[in-house]
Amino acid sequence: MYQWTRREDERLLTGKGRYVADIEVPDCLDAVFVRSRVGHGALRAVDCSAAREVPGVVGAWSAADLTDVPPCAHAAATLQDLPPVPHTVLAKLSSDEAVVGREWPALVKERVRYAGEAVAVVVGEDRYRAEDGAAEVTFQVDPLPAMVTPSAAAADSTLLFEGLSNIALQGETGKPIEAKVWQDAAAVVEGRYRQNLLMPTPMECRTILAVPEGDRLTVWSGHQMPHRLRRELAALLGWSQEQVRVVVPDTGGAFGSKSASFPEFVVVAFLAVKLQRPVRWIEDRLESMLVATRGRGQDQHARLAADADGRLLAYELHIDADVGAYPHLGVGLPMQTAWMATGAYRTPQVHATVRSILTNTMLTYPYRGAGRPEAVIALERCMDMMARRLGIDPADLRRRNFIPPESFPYTTPTGRTYDSGEYARALDLALETVEYDTWRAEQARRRTDPTAKPLGIGLSCYVERSGGEPGGLHEFGSIEVSQDGTITARCGAASSGQSHETVFPALVAKTLGVDEQRVRLIEGDTDEQPQGLGSFASRTAQVAGAMLQHASQLVIEEAKQRAANLWDLPLEQVEWSDGTVHAVHDGSAAMDIGELVKATGPLRVEDRFETGMAFPFGTHVAVAEVDPELGTVQLLKVVTVDDCGVVLNPAIVHAQAFGSALQGIGQALYEAIPYDDNGVPMLANGLLDYLLPTYTELPPIEVKDTCTPSPSSPLGAKGAGESGCIGLPAAVVNAVVDALQPADCDLLQMPLTPDVIWRAAQAPKLEGAR
C-alpha cells in the first residue's frame, strides 16, 4: 500500500486552504452577469436603468454602455503556436483566418450565439445586491434556429456569422487511401460514433478577483496558465505585462477548463480599472453548467481494413467537431484526434480529416485527455468489431498489430514520432490482473444459460501525447539558496490539484541531496516567477520537473565553482554531496550550502529548460454485466495498466490514474449535456440532470503500471494525469457491446444510459415486430 502524505493535505483538509472566494480585499465589489435564455437570436435593446436604482448597486452595463471594452482574447497563443507536423495539411491554421469576423465579444452586442452568453453585467457592494440588480435588467432576443450538433451546423443554411461558413477550420493528416486497399482487404469494418459533450465540473468553478493598485492590476484567479492570463489581460487593457500581476492561490480542480481569458475575466479586469475598485466574480454551479467550457463533442466516421490474418492494412477517420459558438482553442483541438488516430498499432496507411464546426453551444475546450480520448474510442471500437468479423480474440488481434519495442522511435503515418513503448507488456499485465481467461469462461457459460445476465469483456489499448507540442515543451524556473540553508524553488507552473507542493520540493531535495523539508515551492505568481507556461497537457512532471532538476544541477555547479574560488582549488578538486561542498583531498574543507552562501553572497540560478514530446500508453480492461430488460450496466471489474515512464511519486500517480478512470467511466455511462430545440442545456436541476459518477457507482478498480522510460526527458517521465479519461471509455463501451452483441453496434453511443442500452437490446425484437 502506498504511503499517502502530501504537504498540501493538512491545509486543504482542515479548511485552511485559501481560494479566490476567501481573499478579503477592502471595498471589493461583486460582479453578476445577466445571461441570455435562448441559444441563438438577435439581441434587441438591453435596459439596465432599473438595475442602477437598486440599493447597493454600483453600476450596470450592456455592451452599448461599455463601447471601449475589448473582445475576449482569442487565445493569442493557441492556433499560431500549433507547429507544422510532418504529413499534416491544415487548410486554415492561423488564428487570424479562423477568428477574423468571428470575435468573441466580452458582452453580446447584436447576436446571441449560445445560451447563457452575457448581455449585461451588474456590480454591487456585495453578491446579494448585485444579484438583485441583475434581476431588474430587461432585454429581448428574437430567436433564430439553433444548431447544437456539428453535423447539423455544417449542413444548415443558417450561419452563425453572416458571410462566413459555419466550418471554421478544415484539416487532414496522413495520405488519402486508394479504393483498391478497401476492395482487396479480407475484412473492412466501419462505425459512426458520437463523442458526447461533457462538462469538466471541477469542485471550484471559475474565479477572478481584479485589484487595481495605481498603474498596476493584481489579478487573483484559479487558473492553469497565469503568465498567459497576464499577457492577454495586459494586451486587452493596452498595458505592459509588468503592469499586471497574476496570482493563483489554492485552486479546486480544473481538468483543462481554466486556461483561457474568458469574457467574464475581460469585463471584470476592465471594470476594476474603470472604477478603481476591486471587482470579483465567482461563478456559481448552475452558471458553470450553463456557460463553462465543454469537452469532447465529435461526430466520427471510422473505417478499418485488415487481411485474413488480422494484420491491419488501413484506417480512415473523418471528424466533424463541435467547437462551440466562437473559434477559440477548440478550433484546432480536433487535430489532436487526427494526429493520434494511429494508436498503438503499426498500420501502413492512415488518413484522418477534420472539420471544426461552429454550433450554438458554449465553446469546446481542452478537457482531461483533450482530443486523445476521441481518437482512442473510434479506433478501439473498430478493433473490437474487426476481431468479431475475423473470429479472432480481441487481445490477440491487438497483440498482432502492436508497434514492436525495437521500432522506437516510431514515426506514425500521421506524423507523430513516438518516443518509447512496450505495448504488449502492458496488455499482458492487464489480462493477467483482470483474470481474462476466467472471465471469458464465465461469459461462455452465461451464453448457454438463458436466465443469466449477459457479460462482456472490453479492451482498450491507448497511446497519448504528453508535454505539449514542439515550441511549447519548455518551462522557466529558478532555485535560490538562503544563508540559513533553506532552498526556494520557483517555476512557471500552477497547481490545480496535481500535488506540486509535494512532488517538486521532493525532486529538488533528491537532486541536491538535502532533506526535503528544507525546500519550499513558489509558483503561480507572475511577480515571483516572471516567465512561465503553466500546467496543461500532462506536462508538469515531464517538463517542469525536468526544469527544476536542471536548475538544481546548476546550483551544484555554481556551488562547486564558488567553493573552488574560496579555497583556491581547481574545480575538479571540489565535490558535492548531501547539500555540502567539500575538497576531495582535504577533509577539513567542507561547507554546507547555507554556509557557502554566507561566505560568498546570494546564490540564485534561473533558466529555461526544454524537453521533447512523450507518449504514455497502456491497456484498460472492463468487465460488464448488462441487464437487457432494465438497460443497466454493472461494472464487475476494471483494470488499468498505464505506462508513464519513470514515476516520481507512486501514490500521487496512482491517485491520478484512479481519479481519471472514474471520469472515464462517467463519459461512458452517465455524462452528457442535453439540449432543447432552442439550444438551451436542459440542466435546470443542476447535478441531478448532469450525472457524475459518485461513490455509489464506483466499481472495483485495480490500478497497475509498467515503466518504459522516455528518452525525451532527463527524468524519463511521461505525463500521468489523463490516462483513465483516454483509455477507459472505449473499454467500457466495448464490454457492453461484447455482452449484447447487437447487429448494429452504432446503436450503442455514449453515454450508455438505460434507454440507450434497452433500445439496442430490443432492436432485433422491434425490427421483427415491424
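Two strands pair if DSSP finds at least two bridges between them. Helices (H or I, at least four residues) and strands (E, at least two) are DSSP runs, numbered from the N terminus. This is a predicted model: local features need pLDDT of at least 70, side-chain atom pairs count only at pLDDT 80 or more, and totals for chains, interfaces and linings use all residues. Residues are numbered from 1 along each chain as its sequence is written, and side-chain values use heavy atoms, without hydrogens and water.

**Exercise 1.** Find which residue in β13 is the bridge partner of A210.

*Solution.* Start with the strands. β10 covers residues 207-213 and β13 covers 279-282. They pair in the antiparallel sense, over four bridges. Now look in β13: the partner of A210 is V279.

**Exercise 2.** Give the strand order of the open sheet, then say which strands stand at its edges.

*Solution.* The order of the seven strands is β3-β6-β1-β13-β10-β11-β12. Pairing is mixed. β3 (57-62) and β12 (244-247) stand at the edges. Each has a single partner strand, so one side of each lacks a neighbour in the sheet.

**Exercise 3.** Describe how α15 and α16 pack.

*Solution.* Take the axes, which are lines fitted to C-alpha atoms over the stretch in contact; angles run from 0 to 180 degrees between N-to-C directions. α15 (500-512) and α16 (540-567) pack at about 35 degrees, with axes 9 Å apart. Next, list contacts (heavy atoms within 4.5 Å). Among the residues that meet are F504 and L507 in α15, and L548 and I556 in α16.
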